[in-house]
Amino acid sequence: LRSALLPLFLVWGISVGILLVQRDLGTGTLLLGLLAVMLYLAVDRWQVLLAALVLAVVGAAGAYLLFDVVRLRILAWLNPWADPMGGSYQVIQGLIAYASGGLFGRGPGIGAPGLVPIAVSDYIFAAVGEEWGLTGGVALIALYALLVQRGLRAARRSADPFRALLAGGIAAAFGLQALMILGGVLRLLPLTGITLPFLSYGGSSLITSMVGLALLITLSAGGPVNRFDRPTRVVQAALTLGWVALALALGWWTVVRGPALTTRTDNPRRALAERVNPRGAIVDRNGVALAETVGAQGDYARSYPLGTAAAAVVGYDSARFAQAGIERSRDETLRGETGHDAITTWWQHLTQGTPPPGLGIRLTLDAALQASVAQALAPYRGAAVVLEVSSGNLLALASSPSFDPNTLDQDWEDLTARADAPLLNRTTQASYQPGMIFAPFLLAQGVESGLLSLDDSAESLDATVEVGSDLVGCALEPVMVEGESGPVLADALRYGCPEPLTSIAARDGGEVVQAAAIRFALGEVPLPELDLTGVTGSTAVLSQGNAAMDAIGQGEWGLSPLQVARAFAALRSGGTLPEVRLVDASQAPQGEWTKIAALSGEGGVITPSTAALILETLKREPDGYYGVGASAVTGTGGRRLNWFAGATPEGQPGVVVVVALENGTQGDAWRIGRAALLALGP
């Protein structure tokens, strides 16, 4: 055993030297593994294989600590999804190639294996998997298994020990080399970057493989089994487990994970398909194009007629940066993956390798109103929402600053570097301090539960409340009518005065705040269509923080403008909380539109009398609309967030407008919101 381990340590030192000089983990590992197998064949001692394994682990650990290239490959093996566009790009694109091949492949010449980096060498198996599918990939693995088995059989039946070890070494070299590179590209092992015998590009590799094959043919004369019979069978069994593992891994990525991989937004085959088959259009409620495909077949491109005005909602479709907004959430319909009958979809994939032509999506937005609201909001940072109360239809969703999806690829670096986050959809993804915009919901809960009346006395109406190092007072200057007995809670609501609300929270330890958040669904995600993540809501309100601060919307919680709009719509609708809708209909292959049924609201969250009482308090003359404003302390240095929430007057179709400004003034928020409300009038 000692004489067998000595050359093992010697070759391990040579492999480490190769690693130090050439940063080549694959060749060093292959040399060490091959010598270990040959020594095992010669001495039939399992301790040799164990020692080789320990040396390989030690060498890999040292290389991980010393060399960036090794560290990146191991990290890409452990979790490629963490950096899909960087260090793991090759790994993920290879997996997508297998998934694109499916069971039988896309056919010779129909696939796009060139999209995988170094597909002619390291990732040649990805080309096989994409064009020949699971069937072709397993067949290739079986051919390697058969070649190695026949080589080990020749070693087992050779009378000359030298010829036996030569045959066993050549067979083991083929087997280890194939297992290492196939295990790397199928994510069973870290990627080593060695060639796949007989397939990978490279003259020296091909010549070496051919010489080895010729020697095996020469050495394969039959005969009785020799003293190497047992160790060759052990090696054969171990390699067989490896071949089975490779086949199972290929099946996993092709069949089990295939649908998820092929629909990934970073699959470049999608962009190629959209140059041949047009992507469906996105239109507003009147058929005005918000996103459309232009150009000739083979050179189709995506165009966004409204530019920045609707970008936050419609999103973008980019070959480099994937999708966002409706382009992402309705991608399968827009691409044509869904909506067609199964036979049409199957035939298109079989003959063209692409889905059928894309189908359109119709939104509830009004393009003219969307453009108008976006223009009014453009000088500020913030968001505006216009919501139809009876149907829950969103008529406008504007976010500022925004971006132009027509020039996204050119502007990307600048957009992602900007501190004002133009790619953020502030209508749904922002989490703003609500301030006194929460007051209508808090008081509605108090009235509904019998805890208070709007006629209750509100002492110190104009007193300020200390928020951090800031003082917050009324949003509007209180105007008291001569002869009135004194200010009441209705006045605190009308003028946005916070001090009376802090005493409400003190009465019951903040339970009314929690109940109001739950009643008006302020913890729900109102529009999953836009893939909202990380939106805070009632879970933060229920955190048992400072009840007085929570009552005036200055606690450790936040709301999106859309959440506020939906809650305010419950007041305008007489107590019903609407289900928010953005997608109105989808297009059928024949061109007609299939309307998507609206969901019913959540019933009466408050009684009509309470809703009418709150709204009547917020009525603004002489226009007759309902409105409330708030100024919330946010961040440091006295920065203020300005809110406006309003609704159309009685006798007009119910529509709610909510505006949130990160800069500007309370007057700016009122001006934008009031203009939108009056524009909706008869």
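## Ground rules

Numbering starts from 1 along each chain as its sequence is written. Because the model is predicted, local features need pLDDT of at least 70.

## The second largest pocket

Of its 35 lining residues, A99, S100, R106, T262 and H349 are the closest to its centre. (On a 1 Å grid over the protein atoms alone, a pocket is an open set of points where a 1.4 Å probe fits, with protein on both sides within 12 Å along at least five of seven lines; lining residues have an atom within 4 Å of a point.

Several helices supply at least two lining residues each, among them α5 (89-101), α9 (229-256) and α15 (342-352). Helices here are DSSP runs (H or I, at least four residues), and strands are too (E, at least two), numbered from the N terminus.

## Cis bonds

Most peptide bonds are trans. Here, though, S400 to P401 is cis, with omega near 0°, and P401 sits in the loop between β8 (394-400) and α17 (408-417). Another cis bond joins E621 and P622, with omega about 5°; P622 is in the loop between β13 (619-620) and β14 (625-633).

## Positive phi

I118 isn't a glycine, yet its phi is positive, about 55°. You'll find I118 in the loop between α5 and α6 (124-156).

Notes
This is a predicted model: local features need pLDDT of at least 70, side-chain atom pairs count only at pLDDT 80 or more; totals for chains, interfaces and linings use all residues. Side-chain values use heavy atoms; hydrogens and water are left out.
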